[in-house]
Amino acid sequence: MPEISYLEAIRQALWQEMKRDERVFLLGEDIGRYGGAFGLTHGMLDEFGPERVRETPISEATIVATAIGASLLGMRPVAEIMFMDFVMLALDQIANQAAKMHFMFGGRTTVPIVVRMPGGSGSGAASQHSQSLESILMHFPGLIVVNPSTPYDAKGLMLASLRDPNPVCFVEHKVLYKTKGEVPEDDYIIPIGVAEIKRAGRDITVVANNIMVMKTLGVAEKLSRDGIEVEVIDPRTLLPLDTNTIIQSVTRTGRLLVVHEACQTGGWAGEVIASVVGSPAFDFLDAPVRRLGGKDVPIPYNRGLEKFAIPQEIDIEREIRALVQGKV
């Protein structure tokens, strides 16, 4: 199986689906000759032409609004938001139009759009280019929020998103773009709303998303040498959230830690914890449930402070050890 990057996996999914389905087209800022801010759409203009790789003005609201209109006419657009931070400018179109149209028109229409958005810190891009806003998007019924952590998941979930009849917010992490993994060249789908146990363990369940999955897996390998076996769950889709897999895991391990990069206050960890303490898994808990999120500060430009603002492996290890050793 070929080994390719996270970025290339997403690009491959887009390329294959555009070959398969003529209704799929791309729109966004600088996505043509320049290939997008991170080069993900490089070469697509030459292959598919300007009708299907459309450069847009610098207006996120216009990009998403155009995608919504095209979807209502039978197309399947993929809108690129250059940095996730700028999705705030298109939030009215996403939350008040795309997410609601199916319900407000009595189920007589769907909005099959995919809105791609690179998020997260770690690139020194400062506070207006480094946010993790997936928790905000989870608040709107009608949306799907996808958040892959591996190249394999990125391709399979992108293909699933492109074929879904509902509006999908596809949240990528900038720092993961260069990470590599085995990805089939063939067409395959990862079902939306299905979590994956990335590592089995018996002592504690850690639920983490995107880059935090990688950090937690690194910590889990280290702790295994000390006899602590960590079960790591990647939700892969945050909305809908696969709470069944999480609840079953906590029932086995008796402990829960949720780790994310987004600011801790109002973060999606609260949703995971609420689903567990309100379930039969509550009777199996051997320790308090805990969450470890980003600090409630804008992401600093300074690289040292940027690193301090989000959970690092040392923080994850400290929380796991405290829970397993009964120190919280």
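Modeller: At 3% relative accessibility, Asn210 counts as buried, because buried means under 20%. Keep in mind that this is a predicted model.

Colleague: In which helix does Asn210 lie, and what is its phi near?

Modeller: Most residues other than glycine have a negative phi. Asn210 has a positive value and is not glycine. Asn210 lies in helix α8, residues 210-224. Its phi is near 30°.

Colleague: Is Arg236 buried or exposed, and what is its phi near?

Modeller: Arg236 is found in the loop between β11 (230-234) and β12. Its relative accessible area is 8%, so Arg236 is buried. Its phi is also positive, in a residue other than glycine. That phi is near 65°.

Colleague: Is the peptide bond from Leu239 to Pro240 cis or trans?

Modeller: Most peptide bonds are trans. Pro240 is found in the loop between β12 (237-239) and α9 (243-253). From Leu239 to Pro240, omega is near 5°. The bond is cis.

**Helices**

Colleague: How far apart are the end C-alpha atoms of helix α1?

Modeller: Helix α1 covers residues 6-20, which is 15 residues. At 1.5 Å a residue, the helix should span 21 Å. The model agrees, because the end C-alpha atoms are 21 Å apart.

Colleague: At what angle do α3 and α4 pack, and are they roughly parallel or roughly antiparallel?

Modeller: Two packed helices are described by the angle between their axes and the distance between the axes. For α3 (residues 60-72) and α4 (residues 91-98), the axes are 8 Å apart and the angle is about 30°. Angles under 35 degrees count as roughly parallel. So α3 and α4 are roughly parallel.

Colleague: How many nonpolar, polar and charged residues does the contact of α3 with α4 have?

Modeller: From α3 come Ala61, Val64, Ala65 and Ile68. They meet Gln93, Ile94, Gln97 and Ala98 in α4. By class, that contact has 6 nonpolar, 2 polar and no charged residues.

Colleague: What is Ser135 in contact with, leaving aside its neighbours within four places in sequence?

Modeller: Ser135 is found in helix α6, residues 134-137. Its relative accessibility is 16%, so Ser135 counts as buried. Its contacts are Ala262, Gly266, Gly267 and Trp268.

**Aromatic pairs**

Colleague: How many aromatic pairs are in the whole structure, and is the pair of Tyr6 and Tyr177 tilted or stacked?

Modeller: A search of the whole structure finds 6 aromatic pairs. The rings of Tyr6 and Tyr177 have their centres 6.0 Å apart and their planes at 55°. That angle makes the pair tilted.

Colleague: How far apart in sequence are the parts that this pair ties together?

Modeller: Tyr6 is buried at 0%, and Tyr177 is buried at 5%. Tyr6 lies in helix α1, and Tyr177 in the loop between β7 (168-173) and β8. The pair therefore ties together parts that are 171 residues apart in sequence.

Colleague: Are the rings of Phe38 and Phe83 stacked or edge-to-face?

Modeller: Their ring centres are 5.6 Å apart, and their planes are at 65°. Planes over 60 degrees apart count as edge-to-face. So the pair of Phe38 and Phe83 is edge-to-face.

Colleague: Which residues do ring pairs link into a cluster?

Modeller: Two pairs came up above, Tyr6 with Tyr177 and Phe38 with Phe83. Ring pairs link these residues and Phe86 into a cluster. The members are Tyr6, Phe38, Phe83, Phe86 and Tyr177.

Key
Residues are numbered from 1 along each chain as its sequence is written. This is a predicted model: local features need pLDDT of at least 70, side-chain atom pairs count only at pLDDT 80 or more; totals for chains, interfaces and linings use all residues. Side-chain values use heavy atoms; hydrogens and water are left out. Helices (H or I, at least four residues) and strands (E, at least two) are DSSP runs, numbered from the N terminus. Buried means under 20% relative accessible area, exposed over 50%, partly exposed in between (1.4 Å probe, protein chains only). Contact means heavy atoms within 4.5 Å. Axes are lines fitted to C-alpha atoms, for helices over the stretch in contact, and angles run from 0 to 180 degrees between N-to-C directions. Angles under 35 degrees count as roughly parallel, over 145 as roughly antiparallel, 65 to 115 as roughly perpendicular and the rest as oblique. Ala, Val, Leu, Ile, Met, Phe, Trp, Tyr, Cys and Pro count as nonpolar, Asp, Glu, Lys and Arg as charged, and the others, Gly among them, as polar. The expected span of a helix is 1.5 Å times one less than its number of residues. Rings of Phe, Tyr and Trp (its six-membered ring) pair if their centres lie within 6.5 Å; planes under 30 degrees apart count as stacked, over 60 as edge-to-face and the rest as tilted.
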